[in-house]
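Please read the notes that follow with the sequence and the model side by side. They are meant for someone who has not seen this structure before.

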Amino acid sequence: MKPEKKFEFSAVLNPEVVAQIGQSIKKVWKPFERERFESKVSPKLASLAFKERANLIAQELHEFLPTDFAEGGQILLDAFGDELGSSETAKDNVFLYMPYGVYVSWYGLEEKDFELATQFLYEMTKRFSAEFAIRPFLEKYPSRMLKKMEQWVKDDNQHVRRLVSEGTRPRLPWAPRVTVYDDNYSVIIALLATLRNDPELYVRRSVANHLNDLTKDRKELVIQTLEKWNKKTTAQIEWITKHALRTLVKAGNSNALKLLGFSDSPQVEIGNFKVHQNELKLGEKLEFSFEINSKTSELQPLIVDYIIYFKKANGMQSPKVFKLKILDLAGNKSIKIQKKQLFKHFSTRILYEGEHAVELQINGQSYGRKAFELVFD
């Protein structure tokens, strides 16, 4: 049986999508040379990656539309389809808006076009996302964009509210870092504070991801912010706190653990830590087990993780933390834990033969490490 063909993300921007773009524009602007646009774009797609495809389509749109954004941008805005009803309705076909985001971020940055361009972003995020397209506007017009976001953060549409958090995230895949507010990040924290009790998990997840990003550079600010929010806590804030601190918890940050109700010095000892294979073949599962024994009569909340030290191509080892269990260990009690971990190649990680290791981590602290050998047939 032939293996399934690997899905390529670039495939969501295909000739069918180009045709859909052409049709939508032709409906609102009759001079659009739809067939010539499609014949010029579609044959070039196969050799291009996702971002390159989006860039090509945006560039050709600029060639086929009036060059003044006041006209070309308005035509595209008029061609927009129906709004998303909720975060759950987003499908692959909405990626046709990705080139529109490139278009506005390339050709709508002049000061005279600011109002139309921000209206374009506002409407686009209701249908796809403007988290990438908004970033050049934040950098060029930080004060004016801040005023826009102060309006958007209270908008009735959840996608617009989410854009305020997601668009200003310090780190975002496929996008440059936002640095323009670094000297006064309190203005962004104030926006996030407005969203902290948002009724939509979709929005709150963005707030948590934003804060988690921020822990990589400003962990003290994140801790202080969450301590302040938790003085009048809600279920929504508790959820955000847990997910915003996940990187710091994995690193054993004592302030993050304390805020979540965990001690960075748990009173436990590990017994019978065993790796069940000294030698593991590619495609097999690593099996390991251990016992956690309480050394106190008090109940203890514990975050149990494990770290796999993967061998890299250069012979060094790279650690990756995996979540295992969150539990309350009763006083003077023990619990046995078993785990299996599949070792195969993934698109995000290529494995190499040689010595690997697994390490136990409880409340951010190390509780033993054992080596094993990964071999290929």
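This is a predicted model: local features need pLDDT of at least 70, side-chain atom pairs count only at pLDDT 80 or more; totals for chains, interfaces and linings use all residues.

1. The cavity. Searching the whole structure turns up 1 cavity of 30 Å³ or more. The space in the largest cavity comes to about 40 Å³. Its lining consists of Thr125, Phe128, Ser129, Glu131, His159, Arg162, Leu163, Glu166 and Tyr202.

2. Make-up of the lining. Sorted by class, the residues lining the largest cavity are 3 nonpolar, 3 polar and 3 charged. Helix H9, residues 158-167, contributes the most to this lining, with 4 residues.

3. A network at the lining. Glu131, Arg162 and Glu166 line the largest cavity. These residues also belong to a network of salt bridges, in which they are linked with Arg169 and Asp213.

4. Helix H10. This helix covers residues 186-195, and its buried residues are Ile188, Ile189, Leu191, Leu192, Ala193 and Leu195. What do the buried residues of H10 pack against? Their partners are helix H8 (142-152), H9 and helix H11 (201-229).

5. Side chains of opposite charge can pair when their charged atoms come close. The structure has 20 salt bridges. One of them joins arginine 144 to glutamate 115, with 4.0 Å between the closest N and O atoms. Arginine 144 is in helix H8 and glutamate 115 in helix H6 (residues 114-124), so this bridge ties together parts 29 residues apart in sequence. Arginine 144 is partly exposed, at 31% relative accessibility, and glutamate 115 is partly exposed at 46%.

6. Two further salt bridges. Glutamate 123 pairs with lysine 126, and their closest N and O atoms are 3.6 Å apart. Are these two residues buried or exposed? Glutamate 123 and lysine 126 are both buried. Arginine 177 pairs with aspartate 217, the closest N and O atoms here being 3.1 Å apart. Because arginine 177 sits in the loop between H9 and H10 and aspartate 217 in helix H11, the pair ties together parts that are 40 residues apart in sequence. With a relative accessibility of 40%, arginine 177 counts as partly exposed; aspartate 217, at 42%, also counts as partly exposed.

7. Aromatic pairs. The count of aromatic pairs is 20. For tyrosine 122 and tryptophan 152, the ring centres are 6.1 Å apart and the planes stand at 40°, so the pair is tilted. Tyrosine 122 belongs to helix H6 and tryptophan 152 to helix H8, so the pair ties together parts 30 residues apart in sequence. Both residues, tyrosine 122 and tryptophan 152, are buried.

8. A pair among the strands. The rings of phenylalanine 310 and phenylalanine 343 are tilted, because their planes are at 45° with the centres 5.8 Å apart. Phenylalanine 310 lies in strand S4 (residues 300-311), while phenylalanine 343 lies in the loop between strand S6 (334-342) and strand S7 (354-362). The pair links distant parts of the chain, 33 residues apart. Phenylalanine 310 and phenylalanine 343 are both buried.

9. An aromatic cluster. Which residues form one aromatic cluster? The members are Phe69, Phe80, Tyr97, Tyr100, Tyr103, Trp106, Tyr107 and Phe120.

Notes:
Residues are numbered from 1 along each chain as its sequence is written. Side-chain values use heavy atoms; hydrogens and water are left out. On a 1 Å grid over the protein atoms alone, a cavity is a set of points where a 1.4 Å probe fits but cannot get out, and a pocket is an open set with protein on both sides within 12 Å along at least five of seven lines; lining residues have an atom within 4 Å of a point. Grid points are joined across faces, edges and corners, and a volume is the space filled by probe spheres set on the points. Helices (H or I, at least four residues) and strands (E, at least two) are DSSP runs, numbered from the N terminus. Ala, Val, Leu, Ile, Met, Phe, Trp, Tyr, Cys and Pro count as nonpolar, Asp, Glu, Lys and Arg as charged, and the others, Gly among them, as polar. Buried means under 20% relative accessible area, exposed over 50%, partly exposed in between (1.4 Å probe, protein chains only). Contact means heavy atoms within 4.5 Å. A salt bridge is a side-chain nitrogen of Lys or Arg within 4 Å of a carboxyl oxygen of Asp or Glu. Rings of Phe, Tyr and Trp (its six-membered ring) pair if their centres lie within 6.5 Å; planes under 30 degrees apart count as stacked, over 60 as edge-to-face and the rest as tilted.
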